[in-house]
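Good morning, and thank you for making time for this item.

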Amino acid sequence: MSIDQRAIVDPAARIADDVSIGAFSIIGPDVEIGAGTVIGPHVVINGPTRIGCNNHFFQFSSIGEIPQDKKYHGENSRLEIGDGNTIREFVTINRGTDDGGGVTRIGNDNWLMAYIHIAHDCLVENNTIFANGASLAGHVEVDDNVILGGFTLVHQFTKIGNHAFCGMGSTISKDIPPYVMVSGNPASPYGINSEGLKRHEYSKEAIRAIKDAYKIIYRSGHTSDEARQYLRPLAEQHPEVQPMLDFLNRSQRGILR
């Protein structure tokens with residue numbers, strides 16, 4: 001374990017043997033940090049927080065602080081962070097609340113650039129990229145492989161499906177289905193994330209089917225119920241379409257139009 005002598009680490013914190021902690025960082029009680037994790041200088045981590053292995057926290061990030069929610073009055077809630085995440089300068093990630101199940105959760109291999117804010121009760125899955133200044137309000141769900149452009153703002157209780165792409169400065173107040181590209185203030189859909197799908201080795205046939213599904217949802221004039229009816233046979237032929245159908249079924253705010 002490499003802990004700078006100027007760091008402050010609570011004796012109750014559980015820290016793996018090979019964790020590195022930089023100067024002037026503060027690690028509170030009820031914090032667990034897994035093997036291979038690097039904590040830079042001037043990082044503050046409060047608990048209850050569990051951090052997995054091989055994460056890298058850069059200077060001035062604030063992790064596991066109490067929620068920015070007036071309804072929070074000291075209830076026991078927590079933050080869970082998986083493995084292999086990069087968390088850059090001035091990132092803030094808050095713990096959960098009773099209203100949101102008591103937990104904020106970050107998955108694995110996410111890349112959170114400077115000045116990101118992730119509020120209470122958010123659920124961020126794996127392999128996402130959040131560019132500088134993007135912010136999630138409370139209770140937001142972000143699926144795998146999502147990209148948020150710089151200064152994207154996401155309204156509370158919004159869901160963003162896997163492989164969605166949000167352009168710089170987007171303001172998002174409705175759910176975004178998988179694979180869809182959006183941009184603007186307020187954000188509007190602009191087709192599917194074809195380049196992202198190619199990078200993840202989706203076949204040409206799968207991408208064509210996803211484009212057809214996009215047209216059913218956004219270009220046909222169908223209601224959401226009608227779109228689901230047309231998507232079902234397409235999803236039976238092309239499994240890649242199934243996540244879009246599943247997403248429509250679980251959307252509560254309604255999808256972005």
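Over the face of which residue does Arg88 lie? Arg88 lies over the face of Phe58, 3.9 Å from the ring centre; a charge sits over a ring if NZ of Lys or CZ of Arg is within 6 Å of the ring centre and within 35 degrees of the ring normal.

A word on conventions. This is a predicted model, in which local features need pLDDT of at least 70 and side-chain atom pairs count only at pLDDT 80 or more, while totals for chains, interfaces and linings use all residues. Residues are numbered from 1 along each chain as its sequence is written, and side-chain values use heavy atoms, with hydrogens and water left out.

Let me turn to the aromatic pairs. A search of the whole structure finds four of them, where rings of Phe, Tyr and Trp (its six-membered ring) pair if their centres lie within 6.5 Å, and planes under 30 degrees apart count as stacked, over 60 as edge-to-face and the rest as tilted. The rings of Tyr179 and Tyr202 have centres 6.0 Å apart and planes at 75°, so this pair is edge-to-face. Tyr179 is in the loop between β26 (171–172) and β27 (180–184), and Tyr202 in the loop between α1 (194–199) and α2 (204–218), so the pair ties together parts 23 residues apart in sequence. Helices (H or I, at least four residues) and strands (E, at least two) are DSSP runs, numbered from the N terminus. Tyr179 is buried, at 1% relative accessible area, whereas Tyr202 is partly exposed, at 22%. Here buried means under 20% relative accessible area, exposed over 50%, and partly exposed in between (1.4 Å probe, protein chains only).

A second pair, Tyr214 and Tyr218, is tilted, with 4.8 Å centre to centre and 35° between the planes. These two tyrosines are four residues apart in helix α2, so about one helical turn separates them. Tyr214 is buried at 5%, and Tyr218 is buried at 12%.

Phe60, Phe90 and Tyr115 form one aromatic cluster. Phe90 is placed in the loop between β13 (86–87) and β14 (92–94) and is partly exposed, with a relative accessible area of 35%.

Finally, the core. Which residues touch the most other members of the largest nonpolar core? Of its 63 residues, they are Ile93, Ile118, Phe130 and Leu136; such a core is a set of buried Ala, Val, Leu, Ile, Met, Phe, Trp, Tyr and Cys residues joined through side-chain atoms within 4.5 Å. The largest share of this core, eight residues, comes from α2.
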